[in-house]
Amino acid sequence: MGRQGRSVTVVVLLGAPGAGKGTQAPLLSAHLGLPHVATGDLFRAAVRDGSPVGLQARRFMERGQLVPDDITIAMLLDRLGQPDAHDGVILDGFPRNRAQAVALDAALSARGTQVSRALSIEVPLDDLVRRLSGRWVCSVSGHVYNEHSNRPKAPGVCDLDGSPLVQREDDKAETIRVRMDLTLASLAEVAEYYDRTGVLRSVDGVQPIVSVTEALIGDLAPDGGAG
Ligand SMILES: [Zn+2]
């Protein structure tokens, strides 16, 4: 609310893998002139730069453990303090659950700011599974095909060298569906939290890319998103 004499726009971008977040984030970033802060990039940068929180985070990452929320939030606050984030940021990949959303609110509130908007890109489960599945790989040379968007001329056979195509366990629809169920449950929890705080806006992610971008931008207006 401009307690520091300027308004900071903190946008939380929500969407399942395959919902198009990776496509929309840079478009929104360019439109708003705010940096796109993806948690994964943040971890890598903090570790590379050897900042105190980066070193703390590295201890967990090296052991293959999740970085605790307080360390992640400390990194986010550091990032918010950098010159290019003066007017705000687009957060991607955090918060992932309700506890993280609560902790983020408390940390931002201590700085006199808050989440301005949580934008959720909604895509039905079946569409997500279709978008993410169907990858087939040439067993000899690694040539990549997709049964939805880049089919081989003959099923199961590489166009280029005639080798058999194989499907990794991770690329099978059933595997993706099981993983996605868990992801969607966490996302729903975060969306419900932001719905209660009044900042959630949902956008239909099945539309063409440009329409999704327009809808997201429309929902950033102070009174945007009547639907
Ligand atoms: Zn091949």
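Of the 227 residues of the protein chain, 41% count as buried, where buried means under 20% relative accessible area, exposed over 50% and partly exposed in between, computed with a 1.4 Å probe on protein chains only. This is a predicted model, in which local features need pLDDT of at least 70 and side-chain atom pairs count only at pLDDT 80 or more, whereas totals for chains, interfaces and linings use all residues. Residues are numbered from 1 along each chain as its sequence is written, and side-chain values use heavy atoms, with hydrogens and water left out.

The C-alpha trace of the protein chain spans about 65 × 45 × 30 Å along its principal axes. The chain holds 8 helices and 8 strands, these being DSSP runs numbered from the N terminus, with helices (H or I) of at least four residues and strands (E) of at least two. Among the contacts in the protein chain with a separation of 6 or more, 70% are accounted for by residues 24 or more positions apart, a contact being heavy atoms within 4.5 Å.

An open sheet is formed by 5 strands in the order 2-3-1-4-8, and the pairing is parallel; two strands pair if DSSP finds at least two bridges between them. The edge strands are strand 2 and strand 8 (200-204), each of which pairs on one side only. Neighbouring strands of this sheet are turned by 25 degrees against each other on average, direction ignored. Helix 2 (residues 39-49) packs on the sheet, where it touches strand 2 and strand 3, and its direction makes about 80 degrees with that of strand 2; for such values, axes are lines fitted to C-alpha atoms, for helices over the stretch in contact, and angles run from 0 to 180 degrees between N-to-C directions.

Strand 3 deserves a separate look. With strand 1 (residues 9-15), strand 3 pairs in the parallel sense over 5 bridges, and valine 10 stands opposite valine 89 in strand 3. With strand 2 (residues 36-38), strand 3 pairs in the parallel sense over 3 bridges, and here the bridge partner of histidine 36 is isoleucine 90 in strand 3. Because 5 of the 5 residues of strand 3 (residues 88-92) are buried, the strand is largely enclosed by the rest of the structure. In a regular strand the side chains alternate between the two faces of the sheet. Both faces of strand 3 are covered, with Gly88, Ile90 and Asp92 buried on one side and Val89 and Leu91 buried on the other. In the loop between strand 3 and helix 5 (98-110) lies proline 95, and a cis peptide bond with omega of about -5 degrees joins phenylalanine 94 to proline 95. Most peptide bonds are trans.

The largest nonpolar core has 52 residues, of which Val12, Leu14, Met75, Leu91, Leu104, Val115 and Tyr194 touch the most other members; such a core is a set of buried Ala, Val, Leu, Ile, Met, Phe, Trp, Tyr and Cys residues joined through side-chain atoms within 4.5 Å. Not counting residues up to four places away in sequence, valine 115 touches Val10, Val12, Leu104, Asp105, Leu108, Tyr194 and Val199.

The zinc ion is held in a separate description here. Its protein donors are Cys138 (SG), His143 (ND1), Cys158 (SG), Asp161 (OD) and Asp161 (OD), lying 2.0 to 2.6 Å from the zinc ion. Donors are N, O and S atoms within 2.8 Å of the metal (3.2 Å for Na, K and Ca), and sites may look incomplete because water is not among the atoms. Along the chain, the donors of the zinc ion follow the spacing C-x4-H-x14-C-x2-D. Histidine 143 lies in the loop between strand 5 (135-138) and strand 6 (144-146), and aspartate 161 in the loop between strand 6 and strand 7 (165-166), so the pair ties together parts that are 18 residues apart in sequence. Cysteine 138 is buried at a relative accessible area of 3%, and cysteine 158 is buried at 3% relative accessibility, whereas histidine 143 is partly exposed at 25% and aspartate 161 is partly exposed at 33%. A search of the whole structure finds 0 disulfides, a disulfide being a pair of cysteine sulfur atoms within 2.5 Å.

Aspartate 171, in the loop between strand 7 and helix 7, is buried at 7% relative accessibility. Leaving aside its neighbours within four places in sequence, aspartate 171 is in contact with Ser133, Gly134, Arg135 and Ile176. Valine 178, in helix 7 (residues 173-197), is exposed at 53% relative accessibility.
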